[in-house]
Structures are given as structure tokens and as C-alpha cells.
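Biologist: Could you take me through a structure that is new to me, one feature at a time?

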Amino acid sequence: MSLTSLAAMELHISISSEPLFHIGNFPVTNALLTGVAGGVLAAVILWYVAGKVRRGTYNRFVGLVQWVFEGLLKQINDVVPDKKIAKKITPLAVTIFFVVLINYWLSVIPGLDSIKWNGVPVLRSLTADLNFTLGLALITVVTVQIYAIRYLGVFGNAGRYLRNPFKDPVGAFEGILELIGEVSRGTALALRLFGNAFAGEVLLIVIAVLTSYAATVVLPFFMAFELFIGFIQAYVFFVLTLIFTSLAVAHHGPEHPTDAHSPTDTPKKKAVAKG
Amino acid sequence: MNFLTTFAETTEKSGDIFSALGIDWRLLILQIVAFLILVWLLGKFVYPWLMKSVDERQKNIEEAAKAAKQAQESAAESQAETAELLAQARKEADEIISTAKLQASETLSASEKKAKDTAEKIVADAHDQIQKDIAAAKRDLYNETLQLVALTTEKVVGKTATQKTDEALIAKLLKEEKA
């Protein structure tokens, strides 16, 4: 099957999420609708598990979610050196993992690209919408900056990027690279997740078209593969959030020892103490 | 598959890559706010319970490990104590056996000595008795001999000797006898 014949099939593939309807001037997109379902599903699952744990009634599903949560918690404590910051970053990091995982897995629901309303597919994974992935990346970058400022102080954190080029030209250049790095990290976070989710959806559509009636047999393998990729992407986003936080709070100037991770040792607090 | 051409056309029309990628600032802000609300809700009402449960489980595991370690230590101590008691018991048993053997040996020796003494006494008594019997027999024989001599002399002499003559005769006869 050549590319022209593939194009002739008029596959509905859109790089952006498409509006299903408008509320006033506000577009309600297919990704937003699926995302609401995904968010509610994540909240309901975690709420159900927490309720069961609180009552002390366990089943296999509760055990599974609790096991995953415990693993994530261990990962957070291993990656983030400061226990206070690790505890504070936990809700964000764990929510990122579960929301990304569930929303990514929603892209595997059968009926993708085939259930349409006004010619627009109703189902589209939230992770295949740049608005969501970019928003998530922005939240991560801003949160990391907030913890860095809390830990290092405003000037301490600014000192990571802005250094006197006359006194320390290499450091000044390094600071500029660090600034570019922050932007690229956020962009990479957003585009990585979006790229994988979007490519996954396109892959499922193309395989379904290419295999025609054999899709019933072939698609489940690709769906299982997508489930695996979904887990990997959720885990990668989760771990990168932790690593960026860890890097930001572990950053010290030459006058600060690297092992001094206590928030009481921040330059801001030291300056206050001196003042 | 026309999404690439559509993407290129949209970019060309709007001249804005964000619009071409479908980035809508209203949607972006809405999703950020919605996600932050979800994080807050879960962080407030869900994660504390899960974290508490994990902490409790961790605590239970640590306590169980500690208890197991203590039990292992107690078992080792008990084993050592048992071994020590067993060794002490063996030692005491050995001592008791050796003491018993010694006492038995002493008792045997004492019994043997006592039996020997008793036997010797019996023999000595028997000897004494024999000596006494011999002496008594000799005395009896002497007296009978005297009586016999007196009778004989009376018959030979024909008269009753007085005590004085009798004794003189006896003495004479004995002297002769001895000679």
C-alpha cells in the first residue's frame, strides 16, 4: 500500500485537538472532554483506594494501587534529598503519574477515530493535546522554581543563572546555559509526552486501516504496546519532575558544601542571620 | 494522511506556530487550573491516608523485623544457655558417678575390712575358747587324776590317808612321775 493510497483513505488525523462544541466563546475540544473523564476516573480510583485503606478493607485492586503508590513514594524519597521537599512534592508528582497514565491509557479505548460527532472524533487522549502537556510542563517548571527559591532564596536561585561575567566568565556562560536548559527541559517535557501520545494514536489508526479485517487480531498487540508506552511516559514525566526538583534544590554555590541539604542552610536564611 | 499539509497551511495562514499546534491559551490556563485543583484535592483528602498507610506498613515491617531479630537473639541465647546447662549437667553427672564409684569402692573396702576383722575375731575367740577348753580339760584331768591317785593309794595303803599324808603321797608320786 503506497502513501498515495493511504492518503486516499482520508484518515482523520489532526495535530491539534478539535472543538466538539462551544460554550459561549469557549471551545470544548475532544481532548478536553476525554481529559475530564480521565481526571474524574483518576480521582475516583484514588478516592476509592484511600477510602478502602482508611476503613482497612483491602482487595487486590486496592493492593495494586497501594503497591504502585508505595513504589512512587520510595522513588521520591530516593531522588529528592530533602525529606521536607520530598513530602511537599509528593502530591504533584504522584498526581502527574496517575493522571498521565490514565489519560494515556484512554487513547487505547476502542472507537478511537471512529466515534464522531459533527465529523470530529469524540475520543482523543488528553496527553495527545499540547495544551495539557504544555500546561503540565509549565506547572512542573514553576513548581521547581518555587522550591528552588524556598530552598536557595530569591538571590540564591537567581545566582544559578545570573553571574558577573567580569568576575566569573565561565560561570556566567554556564548560567546562560542553565537558563536555556530550564526552558528546553520544560519544552522537552511537553513535547515528549505529546509526541508519544499523538504518535501512538496515529499508529493505532494507521494499523487499523492497514490491517483492515485483520485489525481484530493485530490491534490488541499494538494496544498492549501502547499501554506499556503509556506507563513508561507517565513514569518518565514523574521521574523528570523529581530530578528537576532535586537538581534545583541541590544546587549550591562554591561557598556551600554539597551535603548541606537542610533548608536552614539556605543563602537567604544565612543572609537574614547575618543582617 | 493530510495532517502535515493541514499543519503547514494553518501555520501559513495564521503565521503562529502555537495556533497551528492547537495551543489555545484559554484551554491551557483551564487545564492548568483544573490540574492544580485536582492536585490540591488529592493532596488534601487522598494522599495523606495512603501515606499514613504506607508509613504504618513500613513501621509494622520494621517492628516485625526487629521482633524477628530479637527472637533470633533470644533463641541463640536460649540455645547457648541450654548448651551451658547441658554441659554443667554432664559435668555434675560425671562428678556424681565418680563420687558414687569412690564411695562404692570405699564401702567395699570397709566391708571387706569389717568382714576380715570379724573373721579374725571369730578365729581369735575360737582360739581362746579352745585354750580355755584345753585348760579346763587339763584341770579336770588333773583333778580326776588326783582323785584316782587318792583312791589307788587308799587301796594300796589300806587306810585312809589324811589330808596331810595324802598330799605328801601325791607330791611324791608326782615327783616320781616327773622323774
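Modeller: We shall take a core, a hairpin and a chain interface in turn. This is a predicted model, in which local features need pLDDT of at least 70 and side-chain atom pairs count only at pLDDT 80 or more, while totals for chains, interfaces and linings use all residues. Residues are numbered from 1 along each chain as its sequence is written, and chains are lettered from A in the order in which they are written.

Biologist: Which residues touch the most other members of the largest nonpolar core?

Modeller: In soluble globular proteins, nonpolar side chains tend to be buried together. A nonpolar core is a set of buried Ala, Val, Leu, Ile, Met, Phe, Trp, Tyr and Cys residues joined through C-beta atoms within 7 Å, buried meaning that 20 or more other C-beta atoms lie within 10 Å of a residue's own, with C-beta atoms placed from the backbone. Here the largest has 61 residues, and Ala93(A), Ile96(A), Phe97(A) and Val100(A) touch the most other members. The helix α4(A) gives the most to this core, with 15 residues, helices being DSSP runs of H or I with at least four residues and strands runs of E with at least two, numbered from the N terminus.

Biologist: How do the strands β1 and β2 of chain A run?

Modeller: Strands pair if DSSP finds at least two bridges between them; β1(A) and β2(A) are antiparallel and joined by four. Pro19(A) stands opposite Thr29(A), and in the hairpin Gly24(A) takes a positive phi near 70 degrees.

Biologist: How many residues of chain A are in contact with chain B?

Modeller: Contact requires C-beta atoms, placed from the backbone, within 7 Å; 38 residues of chain A meet 28 of chain B in this way.

Conventions: Buried ≥ 20, exposed ≤ 12 C-beta atoms within 10 Å, placed from the backbone. Contact = placed C-beta atoms within 7 Å.
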